[in-house]
Amino acid sequence: MAATPPAWGVQYTLSLPSEGAARAAAAELSGMGHRLTAVRVHDHFRFVPSSFWYGKPSMDPELEGWWQVFSLAVYSGYERTALEPFLRSERTRMVCVARAHGGFQQGYSEGHAATAERVFQRDGLVHEQAGADVALPSPLPKDPVRPPAGPPWKSSEVGEPTALVQAVVAVAERMYGGAEDVPDAVGWLLDEEFAFGEPYGSTGEFLGDLADAVAHQGTCTDTTVEAVPFLMELVCDDNVAPGNRLVLLGDLLRLAASGPAAAVSLADRITALGGVWEESAAEHLTRRAIGSDLPRLLSRWEDENDAARFALAALAALCGTRDQRVLSGLAALPAPAGSSRADVVSLMAALLSDDREGLVPALDRLGSWLPRVAEKGASPSVDLQSLGLSVLPDLVLEDVASGIAAERDLP
């Protein structure tokens with residue numbers, strides 16, 4: 001007989017505009033069966049003399065005077081993977097609770113319930129229900145069935161890491177040589193220590209280092225803006241293997257989507273604070289830099305393979321580039337009706353055409369089989385165009401990943 005899986009705990013954090021709103025939300029969560037619920041003023045430990053944070057400046061001054069709810073919910077009887085569809089609905093429910101009381105969900109953390117309960121910070125505890133579990137439906141909900149994928153892409157080799165490094169360094173030398181204005185994200189490639197360093201074991205490892213140098217942890221900065229021409233030159237360089245160029249296109253997709261992605265993730269917070277979304281200067285300038293050089297990439301459309309065209313069409317959508325060649329070429333890509341790729345193509349077409357009416361059904365179709373799209377789109381504060389742009393890179397990269405193959409894997 002199989003052992004019962006350990007109970008699973010999730011601690012939710014809600015931010016509310018007043019103590020009264022926080023206590024009302026806490027009471028509602030307790031009524032849902034949450035085991036422990038605490039209410040504290042935002043940055044509570046800044047006011048506790050024994051705390052490391054005592055007297056230190058706020059890490060989030062926008063929330064000065066706000067209150068937070070910390071609530072531990074316990075789910076028993078199932079492995080974590082089986083709980084995922086239900087926990088997704090729980091996250092949406094927490095967002096709704098916060099919104100109903102004028103606030104937003106600030107985050108959540110997960111772990112074994114015994115550990116989560118032991119480390120729960122009880123300062124400001126207002127509700128405790130020893131041994132309480134959240135009631136689970138029977139049977140548990142399941143993930144929706146994903147449509148079949150599109151036809152396989154023709155494999156694009158990535159080659160050996162040494163050849164890639166040599167090609168990338170050659171582009172850096174051609175563009176910058178020994179000039180003093182080498183972008184920070186590129187300078188390390190021209191350093192003697194790099195030239196005589198340990199060789200890379202895979203192209204993916206090197207491209208990962210390059211992506212992190214351009215945008216550390218995916219965050220756009222002035223360094224990112226300066227490095228965009230270098231990335232564009234790499235994508236156009238014939239000495240960079242097709243599979244590696246696809247990876248670089250993926251990096252550009254994520255950079256171009258950084259603004260819309262932030263807009264979606266912060267939508268409820270911005271609404272609760274009464275603000276208006278403003279893209280950061282670095283995000284805006286990064287996308288503009290990509291868009292200004294995009295015509296050069298699109299001029300190679302006829303010479304690209306289908307996987308690269310698929311990625312280029314997404315990049316055009318992200319940069320707001322209206323190019324009839326891309327729209328007509330998008331329709332010619334292998335994306336049979338009923339496939340997941342056809343739904344992604346529909347999203348791209350709506351974005352490329354600025355078709356707001358077509359955007360709604362395209363997102364609805366994606367959300368019917370891709371839960372993260374439905375979860376992000378559940379908030380009335382989320383702009384649908386931003387949502388479409390924010391999910392596009394991962395949709396494209398998940399699809400084209402099967403077409404990126406190392407030379408040793410090719411027949």
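Pro139 sits in the loop between strand 5 (125–128) and strand 6 (156–157). Its bond to Ser138 is a cis peptide bond, with omega at about 0°. The model is predicted, and the values below are computed from it.

**The interior**

The largest nonpolar core has 85 residues. Five of them touch the most other members: Phe230, Leu249, Leu347, Leu392 and Val396. Helix 13 (residues 306–318) gives this core its largest share, eleven residues.

Asn244 belongs to helix 9 (residues 242–256). Is Asn244 buried or exposed? Asn244 counts as buried, because its relative accessibility is 1% and the cut-off for buried is under 20%. Its contacts include Glu157 and Val158. Asn244 also touches Leu164, Thr203 and Leu207. Residues up to four places away in sequence are again not counted.

**The surface**

Phe52, Trp53 and Met59 form a nonpolar patch on the surface. Together they have about 420 Å² of accessible area. Where is Phe52 placed? Phe52 lies in the loop between strand 2 (36–41) and strand 3 (67–75). Phe52 counts as exposed because its relative accessibility is 61%, and exposed means over 50%.

**Positive phi in two loops**

Gln217 is not a glycine, yet it has a positive phi of about 55°. Asp354 is not a glycine either, and its phi is positive at about 55°. The loop of Gln217 runs between helix 7 (203–214) and helix 8 (222–236). The loop of Asp354 runs between helix 15 (340–352) and helix 16 (356–369).

Their classes of accessibility can be read from the percentages. Gln217, at 70% relative accessibility, counts as exposed. Asp354, at 42%, counts as partly exposed, because that class lies between the cut-offs of 20% and 50%.

The table gathers the residues discussed above by accessibility.

| Residue | Relative accessibility | Class |
|---|---|---|
| Asn244 | 1% | buried |
| Asp354 | 42% | partly exposed |
| Phe52 | 61% | exposed |
| Gln217 | 70% | exposed |

Notes. Residues are numbered from 1 along each chain as its sequence is written. This is a predicted model: local features need pLDDT of at least 70, side-chain atom pairs count only at pLDDT 80 or more; totals for chains, interfaces and linings use all residues. Side-chain values use heavy atoms; hydrogens and water are left out. Patches are made of residues with over 30% relative accessible area and no salt bridge: like charges are joined within 9 Å, nonpolar side chains (Val, Leu, Ile, Met, Phe, Trp, Tyr) within 5 Å. Accessible areas come from the Shrake-Rupley method with a 1.4 Å probe; for residues, only the protein chains shown count as cover. A salt bridge is a side-chain nitrogen of Lys or Arg within 4 Å of a carboxyl oxygen of Asp or Glu. Helices (H or I, at least four residues) and strands (E, at least two) are DSSP runs, numbered from the N terminus. Buried means under 20% relative accessible area, exposed over 50%, partly exposed in between (1.4 Å probe, protein chains only). A nonpolar core is a set of buried Ala, Val, Leu, Ile, Met, Phe, Trp, Tyr and Cys residues joined through side-chain atoms within 4.5 Å. Contact means heavy atoms within 4.5 Å.
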